[in-house]
Amino acid sequence: MHKSSADTIARFTDLLMDAVCMVDVDGRFVFVSAACERIFGYTPQEMVGMRMIDLVAPADRERTLAAARAIMDGQPNSRFENRYVRKDGQLVYIMWSARWSEADQLRVAVAHDVTASKQAERMQYTLYAISEAAHASDDLPALFQRIHRIIGTMLPASGFAVALRDEQGKGLRFAYHVHAGGGAVPHALARWLGEEVLRGGAPVLLTPATMALAPPSVQAAAGAEPDCWIGVPLTTTQGDIGVLLLQGGDAPGQAGYTDQEQELLTFVSSQVATAIHRQQLHSMLRFMAQHDELTQLPNRRLFLDRLQMALARAQRHQGQMALLFIDLNKFKQVNDEHGHDCGDELLREVARRLKRCVRESDTVARLGGDEFVIIVEEVLVADDALRIVEKIHQVLAAPMRLGVGVSLAATASIGVAHYPEHGDDIHQLMRQADQAMYVSKLQETHPG
């Protein structure tokens, strides 16, 4: 090509927003227009002589080389998309139009930067997916798993954690965490970073270069790990509810997190916070619908559901179970003599003590008033239930402090029904337990 013609072409290509590149048979740049510096971060002088494939993101290199070979075989390509790593380490998405010049033995290509549109597409997909996850998830753990997968399609997320404010609103509790290096407890860096984000109310980007920000003890716990972290606050209209933490590993060709990726996560975090807050509200409403407001025990509706499931399990495994009906004695007298506040505190304390008498897998519920029930599963012999009855009498006999100057002990009438001895459906068992409790109360009221 004549030098004056080449200079003219160069002047015109430098006016274009898209980049024009020429690559020789060895895959090296022999000409790039001025727009390349805006797109790739390298000056034209730096790019000339570089191997094209060295700038391509590692995951896209194989198919990029295959496309280059097809172009050199005479198959023009007008819509080939791949990713390049800029000089500053950020990824750019490029839409190529390229053909082979047999006479000049050059691949001539025009590169259009589609990074902005790609990010917009990813953001739209991510926001929609998070909103969908909020409606599809039954509880917070399921929601966190879905959000981890969704964000992982947008950003490297080998480690992921959600830390929420504790009940006092001062510290953090890790509601979900997956550490890139494994382990059952949150990473020391995650704990420190979460507290920093919550304290400052602003995102924090932690890289090996900025690791000095962390206390020496945290740095020591991190060891030689080259991981990068992003921490962003989870903010709703009610304020910060927690922190979202992302950990990126050092996979080959993967640069650490950038300011741009921090901005992406910050933008998404508001949708995540809204989804979490909505799930918390739903969980609270479900809890309120299924639990007694005063004692926080399962209410009648949840008790009946659990009794039905316990009975089905016993029938399926040919096992045994017991149902205890408990009615406090002289409870009205407590209310009359010491007031309803004292009576309420008595019911709360009785609930706490009853739960200590059984296993975590058993159910203690309040039917209403001063009536409680206990479902005891996997009972081996009838004496197992009797031992629980004796234990209940013992724990209730210990004085309860119910207010200033008020200390009372409680007694209860208790009826027991056994499956399968006393029936094979919930109505028969409840009727038997209720009758046994009534007999117990008569004996205590009229002994002998």
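Which residues are linked with R348 in a network of salt bridges? The network joins E345, R348, E349, R352 and R353. The legends below describe this and other close-up views of a predicted model.

**Figure 1. Overview of the chain in the predicted model.** The secondary structure comprises 15 helices and 16 strands. The chain has 448 residues, of which 44% count as buried. Among contacts with a separation of 6 or more, 56% are between residues 24 or more positions apart.

**Figure 2. Packing of helix α6 against helix α10.** Two packed helices are described by the angle between their axes and the distance between the axes. For α6 (residues 115–136) and α10 (residues 259–290), the angle is about 20° and the axes are 9 Å apart. Because the cut-off for roughly parallel is an angle under 35 degrees, α6 is classed as roughly parallel to α10. The crossing of the two helices is right-handed. From α6, the contact is made by Q119, R122, M123, T126, L127, I130, S131, A134 and H135. From α10, the residues are Q260, L264, F267, V268, Q271, V272, A275, R278 and Q279. Sorted by class, the contact of α6 with α10 has nine nonpolar, seven polar and two charged residues.

**Figure 3. Salt bridge between D292 and R366.** Side chains of opposite charge can pair when their charged atoms come close. The side chains of D292 and R366 form such a pair, with an N to O distance of 3.1 Å. D292 belongs to the loop between α10 and α11 (300–316), whereas R366 is in strand β12 (residues 363–368). D292 and R366 are both buried.

**Figure 4. Further salt bridges, including R51 with D54 and R359 with D362.** The search of the whole structure finds 18 salt bridges. R51 and D54 meet through their side chains at 3.0 Å, N to O. R51 is partly exposed, at a relative accessible area of 36%, and D54 is also partly exposed, at 41%. In the pair R359 and D362, the closest N and O atoms are 2.9 Å apart. R359 is partly exposed, with a relative accessible area of 38%, whereas D362 is buried, with 7%. The network of E345, R348, E349, R352 and R353 is likewise made of salt bridges.

Figure 5. G242 has a relative accessible area of 1% and is buried. Apart from neighbours within four places in sequence, the residues in contact with G242 are A163, L164, R165, L172, P233 and L234. F174 is 68 residues from G242 along the chain, and the C-alpha atoms of these two residues are separated by 9.3 Å.

**Figure 6. Backbone geometry at Q296, K330 and the Y419 to P420 peptide bond.** Most residues other than glycine have a negative phi, and most peptide bonds are trans. Q296, not a glycine, has a positive phi of about 65°. Q296 is placed in the loop between α10 and α11 and is partly exposed, at 42% relative accessibility. K330, also not a glycine, has a positive phi of about 55°. K330 is in the loop between β11 (321–328) and α12 (331–338) and is exposed, with a relative accessible area of 65%. Y419 and P420 are joined by a cis peptide bond, with omega about 10°. P420 lies in the loop between β16 (412–419) and α15 (426–445).

Key: Residues numbered from 1 in each chain as written. Predicted model: local features only at pLDDT ≥ 70, side-chain atom pairs only at ≥ 80, totals over all residues. Heavy atoms only, no water. Axes fitted to C-alpha atoms, helices over the stretch in contact; angles between N-to-C directions. Helix = DSSP H or I, 4+ residues; strand = E, 2+ residues; numbered from the N terminus. Parallel < 35°, antiparallel > 145°, perpendicular 65-115°, else oblique. Left-handed = near helix turned anticlockwise from the far one by under 90°. Contact = heavy atoms within 4.5 Å. Nonpolar A, V, L, I, M, F, W, Y, C, P; charged D, E, K, R; others polar. Salt bridge = Lys/Arg side-chain N within 4 Å of Asp/Glu carboxyl O. Buried < 20%, exposed > 50% of the residue type's maximum accessible area, 1.4 Å probe, protein only.
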